Amino acid sequence: MVSTNLNEKEIWGWMTEVPDPEIPIINLVELGVIRAVNLKGNAVEIIITPTYTGCPAKQLFVDLISEKLVEKGINDFEVISRIHPVWTTDWLSEETKAKLLKDGISPPTVHNKKIICPHCKSYNTVLASQFGSTPCQSLYKCLECLEPFNYFKCL
Ligand SMILES: [Zn+2]
């Protein structure tokens, strides 16, 4: 049963229940992937911008959002992927960046060349491997505390 009181705010709430497939500690709203939620009568339209065009998670975003809508009893919906404007790390809130750091993942900073160590916050880091724990991450090593960490290269 679709609630007659369905509103866009409620749908935004549902979207916060969808975890990022790469980093489950943050949701798609925090990631900035969900750009707009439109209600057209009883039809739901979700506009998303994938974080990175080559990211394998791209199709997953659509699948996860679709699953969530179905779970909420919505059958009439469309998930539209738009690549413009291009997703940037500016869409990550400071809160989200802090959450990533806390989980040991270095979010890209404005100074993209300098990658911060999530453990000791040093910028004295080097690329250890292009391949991190997921396809969207690279493995870095901190030269200060010598700890390895994942850098989210899809962002
Ligand atoms: Zn360090």
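1. Three strands make an open sheet in the order 1-2-3, and the pairing is mixed. Strand 1 (34–40) and strand 3 (77–81) sit at the edges. Each has a single partner strand, so one side of each lacks a neighbour in the sheet. On average, neighbouring strands here are turned by 15 degrees against each other, direction ignored. Keep in mind that this is a predicted model.

2. **Strand 1 against strand 2.** Strand 2 covers residues 43–48. Strand 1 and strand 2 run antiparallel and are joined by 6 bridges. Lys 40 has Ala 43 of strand 2 as its bridge partner. Further along the pair, Ala 36 stands opposite Ile 47 of strand 2. The hairpin has 2 residues between the strands. Gly 41 in this hairpin takes a positive phi near 70 degrees.

3. **Strand 2 against strand 3.** This pairing is parallel, over 5 bridges. Ile 46 stands opposite Val 79 in strand 3.

4. **Is strand 2 buried or exposed?** Strand 2 is mostly covered, with 6 of its 6 residues buried. Ala 43, Glu 45 and Ile 47 point one way. Val 44, Ile 46 and Ile 48 point the other way. All of these are buried, Glu 45 included. I would look at Glu 45 in the viewer, given that this residue is among the buried ones.

5. **Helix 1 over the sheet.** Helix 1 (residues 8–15) lies across strand 1 and strand 2. Helix 1 runs at about 140 degrees to strand 1.

6. **Nonpolar core.** The largest nonpolar core holds 27 residues. Ile 11, Leu 31, Ile 34, Ile 46, Ile 48, Ile 65 and Leu 69 have the most contacts inside it. Helix 1, helix 2 (28–31), strand 1, strand 2 and helix 3 (57–71) each supply at least two residues of this core. Helix 3 gives the largest share, 4 residues. In soluble globular proteins, nonpolar side chains tend to be buried together.

7. **Which residues hold the zinc ion?** The protein donors are the SG atoms of Cys 117, Cys 120, Cys 142 and Cys 145. They lie 2.2 to 2.3 Å from the zinc ion. The angles among the 4 donor atoms are 105 to 116 degrees, and the site is tetrahedral. For four tetrahedral donors, the ideal angle is 109.5 degrees.

8. **Spacing of the donors.** In sequence the donor residues follow C-x2-C-x21-C-x2-C. Cys 120 and Cys 145 are 25 residues apart and link distant parts of the chain. Cys 120 is in the loop between strand 4 (105–106) and strand 5 (125–129). Cys 145 is in the loop between strand 6 (137–142) and strand 7 (148–152). Cys 120 is partly exposed, with a relative accessible area of 35%. Cys 145 is also partly exposed, at 28%.

9. 4 strands form an open sheet in the order 4-7-6-5, with mixed pairing. Strand 4 and strand 5 are the edge strands, and each pairs on one side only. Strand 5 and strand 6 are antiparallel, over 4 bridges. Thr 125 has Cys 142 of strand 6 as its bridge partner. Cys 142 is also one of the zinc donors.

10. **A contact to inspect.** Ile 83 is in the loop between strand 3 and helix 4 (94–102). Ile 83 and Pro 50 are 33 residues apart in sequence, yet their C-alpha atoms are 6.8 Å apart. Ile 83 is partly exposed, with a relative accessible area of 41%.

11. **Whole chain.** The secondary structure comes to 4 helices and 7 strands. From the N terminus on, the elements run α-α-β-β-α-β-α-β-β-β-β. The chain has 155 residues, of which 43% count as buried. Among contacts with a separation of 6 or more, 50% join residues 24 or more positions apart.

Definitions and conventions. Residues numbered from 1 in each chain as written. Predicted model: local features only at pLDDT ≥ 70, side-chain atom pairs only at ≥ 80, totals over all residues. Heavy atoms only, no water. Pairing = 2+ DSSP bridges. Axes fitted to C-alpha atoms, helices over the stretch in contact; angles between N-to-C directions. Contact = heavy atoms within 4.5 Å. Donors = N, O, S within 2.8 Å, 3.2 Å for Na, K, Ca; no water. Tetrahedral: all angles 85-135°; square planar, octahedral: opposite > 155°, others 65-115°. Buried < 20%, exposed > 50% of the residue type's maximum accessible area, 1.4 Å probe, protein only. Core = buried A, V, L, I, M, F, W, Y, C linked by side-chain atoms within 4.5 Å.
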